[in-house]
Amino acid sequence: MDATEVVLVADVGKSRCRVELRSGTELLGAADQHGFPGVHMDNGPTLAFELLLETVGLLPPGLPLGAITSLGAAVAGVEASAEKSQELATMLSQRFSVPAAVLSDATAAQLGALQGAPGTTLIVGTGAVAFRFDEAGVLHRADGWGPYLGDHGSGRWIGQQGLQAVLEAHDGGPATSLSAAAGALVESPEMLPGWLAENENPYRAMARFAPLVLHAAEAGDAVAHDIVGEACRILTNTVGLASGDAGSSRVTILGGVVGSDFFAALLRKSLASAGIEVVAPLGDGLDGAALAATRRGLIQERYIHRDGTNWPD
């Protein structure tokens, strides 16, 4: 990125929306708040647009918003609707009068982690997905299919398994310290289904229980440790599926769940047992959004939705 460029970058995810204003490598300001269901939903482009603008409004006063030269937004749901993603890019470009690039949060994470190079990235947050771009820029993915059909081994999955273990213990199954942890949520395990149903975002609510599962596992709880071990095995398999015939032996890992040193160590051990080395990411999803905003001709270009106007390079 040119040092004179002022770039607005956003990560508009399901759990939260983050925006940053950057000048070269300097961070001028940042803000974040709640997320949204995805751009592919009914009225998704408008919801994403309004949420992004609202978050920009939370930036510290006095920032040079009028000097923005480009905009990059990593947005949940992009892979499910190219048309709506393109619509959002146009809306953003017209609002800020600069070139706008919209891409999926997973593509942005891979872009940021490897700075545009081919390779595999595993993202473990509320959801879970492995992304590999080959030398020709073709995407190979595994999982990331949402809470109903996929996201196995994710924060939501770990939290859900933990809550299920609490109910199984209540029914007479294996005892677990997770029962006491769930006591911070409800008075009785019998109230868990109702508590979850009343949550505006039940998947995020389950994901918020994941750190308690990780803590219990680290403290020696056998039930929690089995859940975490199974998550690592699932995620290792997900990486293998994304690698496919390429036989890639290296992967970068990103996401809130791997922020746990305990979990990251177990996951690295599981990956190593499959002959896969974990390498440090060079950046994150916001860095990927910035790269998409400021560079064209990336190998991932076919998965980036631009505003369509003939902006100069």
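Asp 151 sits in the loop that joins helix 4 to helix 5 (155-170), where helices (H or I, at least four residues) and strands (E, at least two) are DSSP runs numbered from the N terminus. The phi of Asp 151 is near 60 degrees, a positive value in a residue other than glycine, and Asp 151 is buried, with a relative accessible area of 9%; buried means under 20% relative accessible area, exposed over 50%, and partly exposed in between (1.4 Å probe, protein chains only). Most residues other than glycine have a negative phi.

This is a predicted model, in which local features need pLDDT of at least 70 and side-chain atom pairs count only at pLDDT 80 or more, while totals for chains, interfaces and linings use all residues. Residues are numbered from 1 along each chain as its sequence is written, and side-chain values use heavy atoms, with hydrogens and water left out.

Ser 97, in the loop between helix 2 (82-96) and strand 5 (100-104), also has a positive phi, of about 60 degrees, although it is not a glycine; Ser 97 is exposed, with a relative accessible area of 53%.

Turning to the sheet, 5 strands form an open arrangement in the order 8-7-6-9-10, with mixed pairing, two strands being paired if DSSP finds at least two bridges between them. Strand 8 (139-143) and strand 10 (277-278) stand at the edges, each with a single partner strand, so one side of each is left without a neighbour in the sheet. Strand 6 (residues 119-124) and strand 7 (residues 128-133) pair in the antiparallel sense over 6 bridges, and Val 124 has Ala 128 in strand 7 as its bridge partner.
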